[in-house]
Each structure stands twice: as C-alpha cells, then as structure tokens.
Amino acid sequence: MNERDSEIMAGQLREMGYRPVTDEKAANLVIVNTCAVRGSAEEHALGYIGQLKQLKDQNPSLKLAVAGCMSQEPGTIAWLRKYASHVDLVFGTHNLHELPQLLDQVEERDEMVVDVWKTAGDVVEHLPSQRADGVKAFVNIIYGCDKFCTYCIVPFTRGKERSREIPAVVDEVEALAREGYQDITVLGQNVNSYGHDLNPQVDLADLLGKLEHIDGVRWLRYTTSHPRDFSQKLINVIAGSKKITHHVHLPVQSGSNPILKRMNRKYTREQYLDLIERVKDSIPDRVLTTDIIVGFPGETEEDFEQTMDLIRTVKYDAAFTFIYSPREKTPAARWEGRDPVPNPVKKERLNRLMDLQYRISLMANQELVGHTELVLVEGLSKKNPNVWAGRTHTNKVVLLDRDPHIDLIDRFVPVRITAAKTFYLAGEVIGAPVSDPSPRRRIELPLM
Ligand code: SAH
Ligand code: SF4
C-alpha cells in the first residue's frame, strides 16, 4: 500500500512537470515514503533521512520531504524537528492528494512545512498515478483498518476503514485492462472487510465477481486477508472463478490460543484450522501462505511450539516471519515493558521457525517439478540478465533461460518446471505465448 501511495505521488509530480531520475544526486526533490509497521523499517528510514543532509549541503536548492506512516506518529515529527532540520516538508497518509499545494508552500516558506492530518477525510478519487510496474498493477479498494490487533500500528497510521465504491474500482480496472495490464491485485489492510461501510453493503466476493468480467484481465489477486472475515461465500467465488488466482494468503500470526486472544485476532487456532481445511477442500490447487510473529510479549515455549505445530499441520508454501517489534500507542508495547521475551530467545525461535518453514517450502516446490504451469513473464532477473523471471498464478517465482531473439516480457507462456529451490522454481518454455504483448509502453520509474 505504501508503494501504491508512491505511485500516486509520482503521478501528481509528473503532472507538475517533474521527471524521475535514477540518481538522487540529480534530483530537485526527494520524498522518503516511510513504513512504520516494525522498528527496523523506521530505523532504516531515519538513517536514510539523516544521510540526505549531505546531499542537501551539496545542492541547497534540493527539496526534501518525509511522507507515509511514520509521519503520522507525533514522535517522528519531534525527531525531525530536532535532528533533521534539513527536511523541508512532512506530510502524512491522509493528505497525500495535497502534494502539489504542499510543494507550493515549501517554495513560499523558509521553515519546515508540517501538515499531517490526524484523521482520514473522504476517499479521494481520480488522482493521477505513475505505475512503477509495467506488468502488474495494484488497485486500492479499502483504506485503513478497524481491527486493532494489539501489536499493530496500522489502525493509528492509516485510520478507520473506508471502502471505494464498486463503480470507481471497476472504472480503474477497466482503464488498466485497456492499457494492457493483465495481472491485477486489489489492495487493502483487510480486503475481507471491503464494502461493509458502503450503502448498500457489498463484500469482496461481490467486487471480485464484477472485476472478473472485465475483458483483458487474466489474473485477479487480492491482499491482505484477515482470517476472521474470510467467508465461505468468498471461498466459493474463488473456487468457481477462472481469473481469481488460487494463492490464498491468510496471516495466522500465532498458533497459540492465549497469544491469539491477547493479539486480539478474534479467532482461535481451531477456527483458523477449520478455515484452512475448507480452503483446501474447495480449492485443491491452492497455494497457502501466511505471516507469523514470534516473541509476542509473554510468549512461552509452549505457545511457540503451538505455532510450530500449526505450521507442520497446514504446510504453507511460504511464510513471512517477524520478530515482535513494540509499536508506540499499542497495548502490546506496554506488555513488552512488563513481560518481554528476551532478545536471544526471540532470535532463536525465529531461526527454528524459518528452518522448519524453509524445509516445507522446498518440499512444496519440489512437488511441482515435471509439472506444466502457465507463467506470466515479468522481466529479467535482477541477478542475471540472461534469465527471465515470472510468476505462476499462485505467485511462485519461476526463472527461465532467456532466448535473446524473442521478447516474452508481459506474456503468458506454458512452462515445464525443471528444478525447485526454497524460494523459486526453474523451468523451460515449452510452447508459444498464450497472450498478446501489451499495447502499452513499458514504464521505468525508480521508486526507492
Ligand atoms: N493488514 C495485514 C498486514 C499488516 S502488516 C494483516 O493483517 O495481515 C504485515 C505483517 O506485519 C502482519 O501480518 C504481521 O505479521 C507483521 N506485523 C505487524 N505489526 C508487527 C509488529 N509490531 N511486530 C512484528 N510484526 C508485525
Ligand atoms: Fe494490523 Fe491487524 Fe489491521 Fe492487519 S488486521 S493491519 S495486523 S490491526
């Protein structure tokens, strides 16, 4: 969602006449779009903002701005005023549509311009956007989050849930399809809450049902899902759809009931496992992934073993694993003060968890060797320009030997999987592309 915000900022800047540069030394304006979800992301951003002072010293006409979730935290603004007076502008997640006016204020004033809205206004439609990727496109459908998981800062930085109207989403996806985008992901902190605040009420299944009929869209993805709101209706719609992909990301966070309760996740281990069973039954070729936090305050060895056991039971294809990070204003941050899991224990548990998950991921990938998959080729491998990188509908990365005489980027090709690693597959193209090349010009935009 942060990257999608960057695309909207880039779109507004393009309309103002700005052009992207690949080297920040050549820039007139640098915007640091921050993430606040974990302490490590914040430290990274603050370090980078500090480094920019040198750039500003070399080029005094350079304008520096800080945006995103960290700007929504009062502590950040105090820090910037004290340690980063070289920053010209601070704005937040709720007023990024005001970027042009804010930049005008920067030109007019000498001191740091700080404009952060505490609460979200109405959804703003028709903002320009400069998409970073030429193959996949992301479309916001709901902003904010009302769940208040006790470890999470997102409800504070992104505000309450606000859904976009179905026609607005349909218009955007139709426009993307006309431009040639075939792989669309609808976005929200909790897409399963989509539509509860609209009149009449609708849900994600209704929206996906509409998007599915748009010509040109071949794959439809959605992220992120909250297990509590992942309805049987949605499972049925996914199972019966030719376009909604069979990658199901269902963040579990912990396998222990006492921890889930204190996380305020509002489901039990048993309810979660029942949901997984229903997904597995209805969508036989699904790929399941998850998010897990280790070292939540008060997590005992027994709680952690419950998480390990859940991973062995579900056998996820992949998992994003995080060490618990205390976040300002959240209830769990207070508990961390009283009952923290010691750092070495947190690290050791994370290592055990990753070890187990990596073995399961590798086994899941090995099962695909010899199978044929449809792969959307996304570009050249970052590490090796002689290799194409693409994805299956289940979001698995597939590397393919590149034939320099043809361009397969942005095309769907049949591929035989020849080898499996923990994080990716290798394959060979075994037939002609099954889709036409996109009519649009590829866009190269550096987003940092
Ligand atoms: N709305 C999504 C994503 C939220 S952030 C969801 O509910 O799944 C992405 C992931 O970051 C979360 O799923 C969680 O695993 C992790 N996360 C969030 N806050 C965290 C914290 N304070 N410490 C460690 N991990 C955290
Ligand atoms: Fe954070 Fe929970 Fe909302 Fe996800 S559902 S954004 S983890 S509060």
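The centres of domain 1 and domain 3, taken over C-alpha atoms, are separated by 36 Å in this predicted model. Domain 1 covers residues 2-115. Domain 2 covers 136-366, and domain 3 covers 372-429.

Turn now to the helices. Two packed helices are described by the angle between their axes and the distance between the axes. Take H8 (residues 232-240) and H10 (residues 269-282) as a pair. Their angle is about 25°, and their axes lie 10 Å apart. Angles under 35 degrees count as roughly parallel, so H8 and H10 are roughly parallel to each other. Their crossing is right-handed. On the H8 side, Gln-232, Ile-235 and Ala-239 make the contact. They meet Leu-275, Arg-278, Val-279 and Ser-282 in H10. By class, this contact has four nonpolar, two polar and one charged residues.

H10 also packs with H11 (residues 301-314). Here the angle is about 15°, with the axes 11 Å apart. H10 and H11 are therefore roughly parallel to each other. The crossing of H10 and H11 is right-handed. H10 brings Arg-269, Tyr-272, Leu-273, Ile-276 and Lys-280 to this contact. H11 meets them with Gln-306, Asp-309, Leu-310, Thr-313 and Val-314. The residues of this contact divide into five nonpolar, two polar and three charged.

How values were computed. Residues numbered from 1 in each chain as written. Chains lettered and ligands numbered in written order. Predicted model: local features only at pLDDT ≥ 70, side-chain atom pairs only at ≥ 80, totals over all residues. Heavy atoms only, no water. Axes fitted to C-alpha atoms, helices over the stretch in contact; angles between N-to-C directions. Helix = DSSP H or I, 4+ residues; strand = E, 2+ residues; numbered from the N terminus. Parallel < 35°, antiparallel > 145°, perpendicular 65-115°, else oblique. Left-handed = near helix turned anticlockwise from the far one by under 90°. Contact = heavy atoms within 4.5 Å. Nonpolar A, V, L, I, M, F, W, Y, C, P; charged D, E, K, R; others polar. Domains from an automatic or database assignment.
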